[in-house]
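Student: I would like to learn how to read helix packing and ring contacts. Could we work through an example?

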Amino acid sequence: MKPLLHFFLIDDSTFDLFIYEKLLKKSGITDSVRTFNSARDALKHLVSEADSLPESIILLDLQMPDMNGFEFIDEFDHLPESLHKKIKLFMLSSTIDTRDIDKAKASRHIIDLLPKPLEISTLKRKLEI
């Protein structure tokens, strides 16, 4: 049996955070989910915990006030490479804007742009579990 994964959920919707956390835990792929309704707070946490951070999956909402998903990626890019290696990052969005889709695909940090609402079966396929 594979070890459980560690997840970070970053979304300005407390409803989405609540639902996704419950879905992830119920799926059996994790019992460790840390939620943030602010991308800035999530970045601060990543920086402060960089040395002790386990390998993690980030599910990042695209459209958020204050700092959107792409702005988060721009800041994330400036973090140490050692941290980049510990994190698999997926962006979540209901966007149909081809510019957003192309930008997500072009990012070296984003593994994939997953549609909202999140489907655990899709995530499992992307994680190959």
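**Reading helix packing and ring pairs**

Tutor: Start with the contacts. Ala 39, Ala 42, Leu 43 and Leu 46 of H2 are in contact with Phe 72, Glu 75 and Phe 76 of H3. Keep in mind that this is a predicted model.

Student: How is the packing of two helices described?

Tutor: Two packed helices are described by the angle between their axes and by the distance between those axes. Now the case here. Helix H2 spans residues 39-48, and its packing angle with H3 is about 20°. The two axes lie 10 Å apart. Angles under 35 degrees count as roughly parallel, so H2 is roughly parallel to H3.

Student: In which hand does H2 pass H3?

Tutor: The crossing of H2 and H3 is right-handed.

Student: What are the angle and the axis distance for H1 and H6?

Tutor: Helix H1 covers residues 14-27 and helix H6 covers residues 120-127. They pack at about 60°, with axes 11 Å apart. H1 and H6 are therefore oblique to each other. H1 also passes H6 in a right-handed crossing.

Student: Which residues of H1 and H6 meet?

Tutor: From H1, Leu 23, Leu 24 and Ser 27. They meet Ile 120, Leu 123 and Lys 124 in H6.

Student: Now the rings. How many aromatic pairs are there?

Tutor: Rings pair if their centres lie within 6.5 Å. By this rule there are two aromatic pairs. Take Phe 72 and Phe 76: the ring centres are 6.1 Å apart and the planes are at 15°, so this pair is stacked.

Student: Where do Phe 72 and Phe 76 lie?

Tutor: Both are in helix H3, residues 69-76. They are four residues apart, about one turn of the helix.

Student: Are Phe 72 and Phe 76 buried or exposed?

Tutor: Both Phe 72 and Phe 76 are buried.

Student: What about Glu 75?

Tutor: Glu 75 is in helix H3 as well. Its relative accessible area is 43%, so Glu 75 is partly exposed. Leaving aside residues up to four places away in sequence, Glu 75 touches Leu 43 and Met 67.

Student: How far apart are Glu 75 and Arg 40?

Tutor: In sequence, 35 residues. In space, Glu 75 and Arg 40 are 9.3 Å apart, C-alpha to C-alpha.

Student: Which residue lies over the face of Phe 70?

Tutor: Lys 103, at 4.6 Å from the ring centre of Phe 70.

Terms used:
Residues are numbered from 1 along each chain as its sequence is written. This is a predicted model: local features need pLDDT of at least 70, side-chain atom pairs count only at pLDDT 80 or more; totals for chains, interfaces and linings use all residues. Side-chain values use heavy atoms; hydrogens and water are left out. Rings of Phe, Tyr and Trp (its six-membered ring) pair if their centres lie within 6.5 Å; planes under 30 degrees apart count as stacked, over 60 as edge-to-face and the rest as tilted. Helices (H or I, at least four residues) and strands (E, at least two) are DSSP runs, numbered from the N terminus. Buried means under 20% relative accessible area, exposed over 50%, partly exposed in between (1.4 Å probe, protein chains only). A charge sits over a ring if NZ of Lys or CZ of Arg is within 6 Å of the ring centre and within 35 degrees of the ring normal. Axes are lines fitted to C-alpha atoms, for helices over the stretch in contact, and angles run from 0 to 180 degrees between N-to-C directions. Angles under 35 degrees count as roughly parallel, over 145 as roughly antiparallel, 65 to 115 as roughly perpendicular and the rest as oblique. A crossing is left-handed if the near helix is turned anticlockwise from the far one by less than a right angle, and right-handed if clockwise. Contact means heavy atoms within 4.5 Å.
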